[in-house]
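Here is a friendly walk through a two-chain model. Have the viewer open beside you as you read.

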Amino acid sequence: MKMKYLVIIALFTCIGNSFAQQTPASKQTEAVTIVGATAHLGNGEIIENSLIIFEDGKITQVMDATATKMQYRGRIIEAEGKHVYPGFIAPNATLGLVEIDAVRATDDEDEIGSMLPHIRSVIAYNAESKIVESMRPNGVLMGQIVPRGGRISGTSSIVQFDAWNWEDATIKEDDGLHINWPSSFTRGRWWAGEDPGVKPSEDYQEDLLKLEEFFASAKAYLEGNNEKTNLAYEAMKNVFTGDKRVYIHVDGKKEILDVIDFKKDHELEHLVIVGGYEAHKAIEDLKNNNISVLVQRPHDTPSSEDHDYDFPYKLAGILHNKGVLVALESSGSMERMNTRNLPFYAGTAGAYGLGKEEALKLITSNTAKILGIDDMVGTLEKGKTATLFISEGDALDMRGNILTHAFIQGREVSLETHQTELYQRYMEKYDSASK
Amino acid sequence: MKIRLLLCLVFLVSLQAKAQEYFPKNDGVKNPQTNYTVFKNAKIHVSPQETIESGMFVVKDGKITAIGKSVNEPQNSIVIDLEGKEVYPSFIDLYSSFGIKEPEEASGNGQPQYDANREGYYWNDHIRPETDAVESFNYDEKAATSLHKAGFGAVNTHVPDGIIRGTGMLVALNPGGTEGDRILKDRSAQYLSFDKSKLSRQSYPTSTMGAMALIRQAYLDAEWYGKGKSENKDLALEALNRNKSLTQIFATDNLLDALRAGKIGNEFSVDYVILGDGKEYQRLHEIKETGSTFIVPLNFPDAYDVENPFLAEHVTLEEMKIWNQAPANLKMLAENDIPFTITAHDLESEKDFRNNLLKAVSYGLSKEDALAALTTTPAKILGEGNRLGTLKEGAWANFIITSGDYFDKETSVFENWIQGERAVINKMNTTDITGTYDLKLEGSTYELKISGKPEAPKASVKSGETKLGAKLSFSDNWMNLLLSPADTTKTGFTRLVAKTDDNKNEISGTAYLSDGSETDFSATKKTSTETAEAEEDEKENGEDEDEDIREIMPVSFPNKAYGFSEMPEEESILFQNATVWTNEEEGILENTDVLVKNGKISKIGENLNAGNARVVDATGKHLTSGIIDEHSHIAASAINEAGHNSTAEVTMEDVVDPTDMNIYRNLAGGVTTVQLLHGSANPIGGQSAILRLKWGENAEDMLFENSPKFIKFALGENVKQSNWGSRSRFPQTRMGVEQVFTDYFTRAKEYEEGRENDEDFRRDLEMETLLEIINSERFVSAHSYVQSEINMLMKVAENFDFRINTFTHILEGYKVADKMKEHGAGGSTFSDWWAYKYEVNDAIPFNAPIMHSQGIVTAINSDDAEMSRRLNQEAAKSVKYGGVSEEDAWKFVTLNPAKLLHIDDRVGSVKTGKDADLVLWSDNPLSIYAKAEKTLIQGKVFFDIERDKELREEIQEQRSELITQMLEAKNKGLKTQPVTKKEEQHIHCNTLEEIH
């Protein structure tokens, strides 16, 4: 036991000084070759004894090491018995927008107002957040940063997790519009003496109409001939051109069916359902309309006591196995810090109906497809960005998710965090006391 | 008994004496009334068991002076012939707020109020035994009329406000008399509840467990006060002592609270009469064990409107089952010999009362039991058995007159007499004109059919097969029939007017034709043979229309989805060829058998003989001891008593909710034992409940037997109320937190001294608990985050010469692990939570591994109903963060929490002789891919993944059956209620019942 700690401490000491936040790695200058690892490509395939080379931030080779005489290039990492994965992607995250839940001054996730397509998350994204850096040791290397609240919460952007500032972090700016679909249920106003329980909403149709009207007005505005600029409508431009994907946060079947009509009415090319608790009840409709789903975090309790205890665990599997394009998102209680558990959400989905490699897709290739960044990331394939990591074992299992190396755009990023530094500091204290 | 007899004698004697009247009169001469009223020829229901066919009785001055088959008829008698009619005693409602104005809610300034409004009374405003209903009573004519219609003659009314509410009064609903006549007893019973008074905003208690502790303390204080030990005057305690001899009625609004009331009653030997909520049938055994009489409402839920399938999804099986089962509640209570009375207090309309009562009878409640519950039983409870509830000489002349059997739907209730005063409900001498007639009008013959109740008949008129428009109004025996032609395009009304006569089979009168002319008409009743056939047809149809008897769904335990229809039996089971994680020196054993017998682990070894045991092939599977969660808030009806900064007197054992679905879900995650902790609203919280997750058992039986005593302490942001609430409560800083502890422990020491020197010393439940802590008889589990406060609490404890048993959360434990080790504290922490509050800024997932490395007994807990069902995965995070061995990591959620809870002699490892609390896993239990397949507690299988599959199907079947029943109900035109959605709330330490 003791030996193991000593080794870990030695490791820390080598890395050296303690920083408040980890310094972003500099640009890849030397090619890196990873040899002998089991490569999990992220598309369902595995290469047992693999050879992976990346240069200038791009993957140049992914192949079976035994079937090639390819020259290793640059730095060589012997990784027999280890596993290589494409960097995990956390969609619908709020990382960098809030640092400490209970401290309002650190909270930048929810602007006031209802129709806020012009609100952009990326400019508030804190690249130096101590929570963001804590993603990396778990293999979560990218995320979609999404504003919360309102009917139209605003516009998200996709970032990578090793950057000096938000501009450097950005992978895809203003990638998506986020809408909180009206609910056909509403909570009783307890302060007005009503039962605080949940009851059918009388405002559902009205709320829908307002949303419809906003889209219609924006469209009319964008036809031109305006005397004055309307920032909210301007921000809708890319929605109608199809460049900004539409994410609709919705759970109920009825609402999902209404969302499908909405997609048709407004000819929205890329529409994604976020949450989707009852998406399994509308599978054919979703498929026929080319709608993908970001399934809510599986580590949650069922919403009704009548539901299967493992329903949240298996929902993604049900959808995936029936042919819906699915990825996992991690919003919910304490979502910032919990986003690092994304790999284990996939592991759980794997245990409940998917198997490991299919489950892996839900946090890699499928996510990249849904977010529209699959040309860059999401799989270990030639030509893709070298955002990947090496793990001691199965990265979807707590016991195996132990990273030895992580690369973002070919840059080897630090796996140290505020938390590992405290670990190191206090173990040093106790070890020196016991000497 | 003797006193009762004596009272009866006095009463009888007083009857003989002439009542003297002493009120002056200025608006005329006195005109005294000394006549008798004689009721004759009635079928008299003297009591639920005794009936006099064609009997008579005499009433004078509001009382019955004689009753029997044939009694002497005084000369100055007014005679009322009740030929063909029946007489019942008027009903009595024990739970009422009739005539009491609803107390007005106190207003406040938005800040919590900690002190009482009142002076000279108890320190807590919600203890109001001095309240007398009679002080705020005014006869409410409108409400009385409604009660008359429902059949009530007397109600026990009270001010429904506060925890100890003071006395109620027994009122006769005499429509003609004065308050002087009506008030039968001014202090007839004392009322209690778990709900606070509206008249004060005093915070304490914020929870049911606080209310329970407060009642206990008030009882103890009253006893002490009664010994003359108090230096100050306390009018509330004086009243409480005075009210002790009265009937004690405890109002509750849910089944768990009813059992809680029963629990307090048993502790203090008070036989509460308990107002229930109509769901007593779900826990008949426990209800019976309270030994209480129950006051049961008839508020059967309406069917849910499930026409919209989207909405129907949100009705739970439990809600639907309750709708299906509730009408059979009274029948089941009666079958189990549980004494009960019936109340109408929560019914919207008096019509619902009889309808629902008849419904209960149609579901199997006997008429005798129904009558007893409305007459003799409540009368007896109030000690008024001789004056109320039966019709006998000397009793109040409180009775109802009906057209027949009260429990026949067709029967009309005519009059409700109270204290000899008549309230007319339906005219008694109404001619019954129902029947089929040949109506002759202007040379044509029509068929006139009159149906319905005699006092509200309906008519239909046919000419041959053509139906005419007909509208009948009937009052005071005058009939008005409006006829319109079958052809609706024509207008041409004919109005028939006639005075009817009971003795004739003919109605004749005048017809006013559309042209303004008048002519005679007559309608002759057909003989019974002529109409019999037609009536029979009608009856059959009629029954289909409004009878609503459903097949009752069996009660399960708990009575909701995944409940047991039969509780699991203790089994002998042999697990063959498993990988066994012993948590003992043997470590992890491959290919090993484990034999479970008599609830214990009987043998561990290879190739064990199964004997009679059921064999479970565990090849490729892993067998472990059950997971123990040191920090849980599932299975609780309340979490925080936030009304004071110390609430050591409250206990979570009082508020266990054995019906929480999270119990089942935790079992499905391999959890067998949890410590149900009080929340962190205050530095000194409440006592814990250690529970075995025996799904389906009642609250008491879920408590870990001979459970070590624990209490929750809390430090930091929550107790400072940093993130919510007021800025007025001490403490607002960590500096103040220390002083709270020091202050309370100092006072506890002084209390101990006082107690030793005075045998009549006031018993203080809070101080008693604190002393248990100081004397190391009760262990502390302290919610803590930052190192300074952890250190502080250890020093405070050391100053008072005890130790902190467990620091829970303890996210900076890694910073003071050496100090904790020296102090002897254990640590129970989250695997990786942080960043949710300022004080968890330095929380690290390496915390458990570091504490463990320094020799601290370390556990990983949940504090969360979602995480608790995956604690195996949370333990596995210690392998990732900090490199703990799998064997040690597994102990973080099994053996180590067992040690922290001092139950490791019984659970926490797979060892011969320990309780068979076992989990069979599909895989290495630390693996993300592992599923619990069987979860056993003391040798009983409480979760089985195969059984779970069957239950899922059963739930679907039951749901669709009940939805069909509800759709049928709606189709029949029965009332429905809109669907609402139950929302699951994840409860954490800082969940406050009052903060939404």
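## Ground rules

Helices (H or I, at least four residues) and strands (E, at least two) are DSSP runs, and they are numbered from the N terminus. This is a predicted model, in which local features need pLDDT of at least 70, side-chain atom pairs count only at pLDDT 80 or more, and totals for chains, interfaces and linings use all residues. Residues are numbered from 1 along each chain as its sequence is written, while chains are lettered from A and ligands numbered from 1 in the order in which they are written.

## Chain A

Let us begin with chain A, whose secondary structure comes to 14 helices and 20 strands. Along the principal axes, its C-alpha atoms fill a box of roughly 70 × 50 × 50 Å. The radius of gyration (taken over C-alpha atoms) can be set against a globule rule of 2.2 Å times the number of residues to the power 0.38. For 435 residues a compact globule would come out near 22 Å, and chain A, at 23 Å, agrees with that.

Of the 435 residues of chain A, 50% count as buried. Here a residue is buried if 20 or more other C-beta atoms lie within 10 Å of its own, exposed if 12 or fewer, and partly exposed in between, with C-beta atoms placed from the backbone. Two residues are in contact if their C-beta atoms, again placed from the backbone, lie within 7 Å. Among the contacts in chain A with a separation of 6 or more, residues 24 or more positions apart account for 68%.

## Chain B

Chain B holds 26 helices and 43 strands. Its C-alpha trace spans about 110 × 70 × 55 Å along the principal axes. Of its 996 residues, 51% count as buried. If you take the contacts in chain B between residues at least 6 apart in sequence, 67% of them join residues at least 24 apart.

## Where the chains meet

How many residues of chain A are in contact with chain B? There are 49, and they meet 53 residues of chain B. The elements that give two or more residues to this side of chain A are helix 1 (2–15), strand 13 (198–200), helix 7 (253–265), helix 10 (335–338), helix 11 (342–354) and helix 14 (418–434). Helix 14 of chain A gives the most, with 7 residues.

By class, the side of chain A that touches chain B divides into 25 nonpolar, 12 polar and 12 charged residues. For this count, Ala, Val, Leu, Ile, Met, Phe, Trp, Tyr, Cys and Pro are nonpolar, Asp, Glu, Lys and Arg are charged, and the others, Gly among them, are polar.

## A helix pair in chain B

Two packed helices are described by the angle between their axes and the distance between the axes. In chain B, the axes of helix 4 (residues 208–226) and helix 6 (residues 255–267) come within 11 Å and cross at roughly 20°. These axes are lines fitted to C-alpha atoms, for helices over the stretch in contact, and angles run from 0 to 180 degrees between N-to-C directions. Angles under 35 degrees count as roughly parallel, over 145 as roughly antiparallel, 65 to 115 as roughly perpendicular and the rest as oblique. Helix 4 and helix 6 of chain B are therefore roughly parallel to each other.

On the helix 4 side, T208(B), M212(B), I215(B) and R216(B) meet D257(B), R260(B) and I264(B) in helix 6 of chain B. That contact has 3 nonpolar, 1 polar and 3 charged residues.

F807(B) lies in strand 37 (residues 806–809) of chain B. Is F807(B) buried or exposed? With 32 other C-beta atoms within 10 Å, F807(B) is buried. Leaving aside residues up to four places away in sequence, F807(B) touches A782(B), S784(B), I790(B), G813(B), M820(B), A825(B) and G827(B).

I810(B) is found in the loop between strand 37 and helix 21 (817–823) of chain B. Its phi is near 40°, a positive value in a residue other than glycine. I810(B) also counts as buried, with 32 C-beta neighbours inside 10 Å.

## Backbone details in other loops

D337(B) has a positive phi too, about 55°, although it is not a glycine. D337(B) sits in the loop between helix 10 (329–335) and strand 14 (340–343) of chain B, and is exposed, with 7 other C-beta atoms within 10 Å.

Two cis peptide bonds are worth a look. One joins F557(B) and P558(B), with omega about -10°, and P558(B) is in the loop between helix 14 (528–546) and strand 26 (573–581) of chain B. Another runs from F730(B) to P731(B), with omega near 5°, and P731(B) is in the loop between helix 17 (717–720) and helix 18 (734–757) of chain B.
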